[in-house]
Amino acid sequence: MAAVADDEVIKPKGVLNDPGPKPELNKQGEYDCILKSMETGQVTEIRPKNIQKLHPPRKRTSSAFTTDGRSFVYWTIQVDYKLDTVFGNENASASAYIRNQQVHFWLYEGSGELVP
């Protein structure tokens, strides 16, 4: 996994197997926690205008970014989007890892690396 700065990832807290309430779509068909993550610059590669599909939330376990190797349960929302590259637009997919209605980090679906 790629090295990241401490301020790029929110460290998990609380009960290991309780990710909090399931994220719900707002009236515009978007997830507020995902939009906030983009607005605050937590993720810069994915922009609302580039999103092609938001998958339903599902629970996943991850030990990413824990110092003691414990696994936490997260709600994850997979986002399919168009990525602008030097080679043109490409399809990409990443998941937001969410606890208590707050995105903790984003990982690419294929590689599991942190999304910038």
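Trainee: Is Arg60 buried or exposed?
Mentor: Arg60 counts as buried, at 17% relative accessibility. Here buried means under 20% relative accessible area, exposed means over 50%, and partly exposed is in between, with a 1.4 Å probe and protein chains only. Keep in mind that this is a predicted model: local features need pLDDT of at least 70, side-chain atom pairs count only at pLDDT 80 or more, and totals for chains, interfaces and linings use all residues. Residues are numbered from 1 along each chain as its sequence is written, and side-chain values use heavy atoms, leaving out hydrogens and water.

Trainee: Got it. Which residue forms a salt bridge with Arg60?
Mentor: Glu109 does, and the closest N and O atoms are 3.2 Å apart. A salt bridge here is a side-chain nitrogen of Lys or Arg within 4 Å of a carboxyl oxygen of Asp or Glu.

Trainee: What does that pair tie together?
Mentor: Arg60 is in strand β2 (residues 58–62) and Glu109 is in the segment after β5, so the pair links parts that are 49 residues apart in sequence. Strands are DSSP runs (E, at least two residues), numbered from the N terminus. Glu109 itself is partly exposed, with a relative accessible area of 28%.

Trainee: How many salt bridges does a search of the whole structure find?
Mentor: Two. Asp68 and Arg70 also form one, with the closest N and O atoms 2.6 Å apart. Asp68 is partly exposed at 46% relative accessibility, and Arg70 is partly exposed too, at 41%.

Trainee: Switching topic: what's β5 like?
Mentor: Strand β5 covers residues 102–108 and is mostly covered, with five of its seven residues buried. Six bridges join β5 to strand β4 (residues 88–99), and the two run antiparallel. For pairing, DSSP has to find at least two bridges between two strands.

Trainee: Which residue in β5 is the bridge partner of Ala94?
Mentor: That's Tyr108. The hairpin of β4 and β5 has two residues between the strands, and Asn100 takes a positive phi near 50 degrees there.

Trainee: And what's the mean pLDDT of the chain?
Mentor: The mean is 90, and 93% of the residues reach 70 or more; pLDDT is the predictor's confidence in each residue, from 0 to 100. Over residues 1–6, though, the pLDDT is below 50. Beyond near neighbours in sequence, that stretch has seven contacts in the model, a contact being heavy atoms within 4.5 Å.

How values were computed
Helix = DSSP H or I, 4+ residues; strand = E, 2+ residues; numbered from the N terminus.
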